[in-house]
Amino acid sequence: MLDTMINLINPNLDRAAIREEMERSGFVQIDNFFAEEVAEAIFQSLDTQVKWDLAYSRNSQGQLIKAGDLSRMSPQDIRQAVSSAFDFSRDRFQFVYNTFKVIDSYLAAEYRRHYLYELADAFHGRDYLAFVRELSGCPAIVRMNIFAARYLPGHFLTPHDDSHVDEGREVTYILNLTKAWRPEWGGLLHIMDADQQSINRTIVPAFNSMVLFRPPRWHFVSQVSNYAKRPRYTVTGWMLNK
């Protein structure tokens with residue numbers, strides 16, 4: 001059981017430097033965030049244990065096809081169902097990717113046991129919450145929203161800023177868990193200027209790297225190419241103040 005998550009964080013992290021960078025710019029990328037065996041266990045869960053739902057947009061609103069329903073649909077049926085996400089005739093928020101909403105699944109007891117349920121428990125441990133408050137410089141954090149994402153060829157996420165005042169989002173976090181990803185495959189996290197006219201940082205999803213930033217901050221994930229050789233995995237969500 002992952003009941004001592006704080007002891008599974010890479011002990012060599014320079015916490016003071018990370019905190020300083022968050023205070024200075026509101027953004028930081030942390031390499032080798034977890035101990036190697038923990039990152040590998042999370043990757044194995046994503047790669048073999050998760051039954052993936054499909055998230056997509058319709059008129060800027062999120063839609064979801066559950067894994068069980070997906071398994072009964074033909075590829076043609078799926079393409080038709082998500083076609084609204086590929087209608088770029090208007091400027092709006094659009095996306096298609098696989099998802100597993102960890103907290104929702106946990107509360108609904110969809111699985112008797114699941115490694116990502118253990119991860120959710122560990123993320124809400126007292127010591128881990130104290131750790132992320134220290135790391136981010138946000139003392140108001142009290143809980144974590146958690147979901148996993150899998151990007152396959154054709155999947156993408158258009159620009160958005162993660163602002164959602166009602167949810168109490170203090171920090172966006174993105175734990176990259178893709179092995180040997182190549183930049184030419186797409187699936188890159190692009191951080192934009194406030195005017196949304198230029199990119200000031202591009203993140204290639206390196207295995208076991210954690211990205212933290214304070215919303216609102218405009219960003220998007222470029223479309224994964226049709227020749228990408230493996231899925232792009234993340235565990236992501238928000239650190240919340242309520």
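This is a predicted model: local features need pLDDT of at least 70, side-chain atom pairs count only at pLDDT 80 or more; totals for chains, interfaces and linings use all residues.
Tyr97 counts as buried, at 12% relative accessibility (buried means under 20% relative accessible area, exposed over 50% and partly exposed in between, with a 1.4 Å probe and protein chains only). Residues are numbered from 1 along each chain as its sequence is written, and side-chain values use heavy atoms, with hydrogens and water left out.

**Aromatic rings**

- There are 19 aromatic pairs in the structure (rings of Phe, Tyr and Trp, the last by its six-membered ring, pair if their centres lie within 6.5 Å; planes under 30 degrees apart count as stacked, over 60 as edge-to-face and the rest as tilted).
- One of these is the stacked pair of Trp52 and Tyr233, with 6.1 Å from centre to centre and 15° between the planes.
- That pair ties together distant parts of the chain, 181 residues apart: Trp52 is in the loop between α2 and β2 (53-58), and Tyr233 is in strand β12 (helices are DSSP runs of H or I with at least four residues, strands are runs of E with at least two, and both are numbered from the N terminus).
- Trp52 and Tyr233 are both buried.
- Tyr97 and Tyr151 are stacked because their ring centres are 5.3 Å apart and their planes meet at 15°.
- Here too distant parts of the chain are linked, as Tyr97 in strand β4 (residues 95-101) and Tyr151 in strand β5 are 54 residues apart.
- Tyr151 also has the charged end of Arg232 over its ring, 4.9 Å from the centre (a charge sits over a ring if NZ of Lys or CZ of Arg is within 6 Å of the ring centre and within 35 degrees of the ring normal).
- Phe33, Phe34, Phe123, Tyr128, Phe131 and Tyr173 make up one aromatic cluster.

**Arg169**

- Arg169 is part of strand β7, and is buried at 18% relative accessible area.
- Its side chain makes a polar contact with the side chain of Glu167 at 2.9 Å (a pair of N or O atoms within 3.5 Å; within protein, one must be able to donate a hydrogen and the other to accept it, and residues adjacent in sequence count only if both atoms are side-chain atoms).
- The Arg169 side chain also reaches the backbone oxygen of Asp162, at 3.1 Å.
- Arg169 lies over the face of Trp238 as well, 3.5 Å from the ring centre.

**Helix α2**

- What sort of span should the 14 residues of α2 (residues 36-49) have? At 1.5 Å a residue they should span 20 Å, and the end C-alpha atoms, 19 Å apart, agree with that (the expected span is 1.5 Å times one less than the number of residues).
- Val38, Ala39, Ile42, Phe43, Ser45 and Leu46 are the buried residues of α2.
- Those buried residues line one face of α2, because they fall within an arc of 155° seen down the axis (taken from the directions from the helix axis to the C-beta atoms).
- Glu36, Glu37 and Thr48 are exposed, on the face of α2 turned away from its buried side.
- The cover over the buried residues of α2 includes α6 (115-123), β5 (143-151), β7 (169-176) and β12 (232-240).

**Asn208**

- Asn208 sits in the loop between β9 (199-203) and β10 (209-213), and is buried at 4% relative accessible area.
- A polar atom of the Asn208 side chain lies 2.9 Å from the backbone oxygen of Phe34.

Key. Contact means heavy atoms within 4.5 Å.
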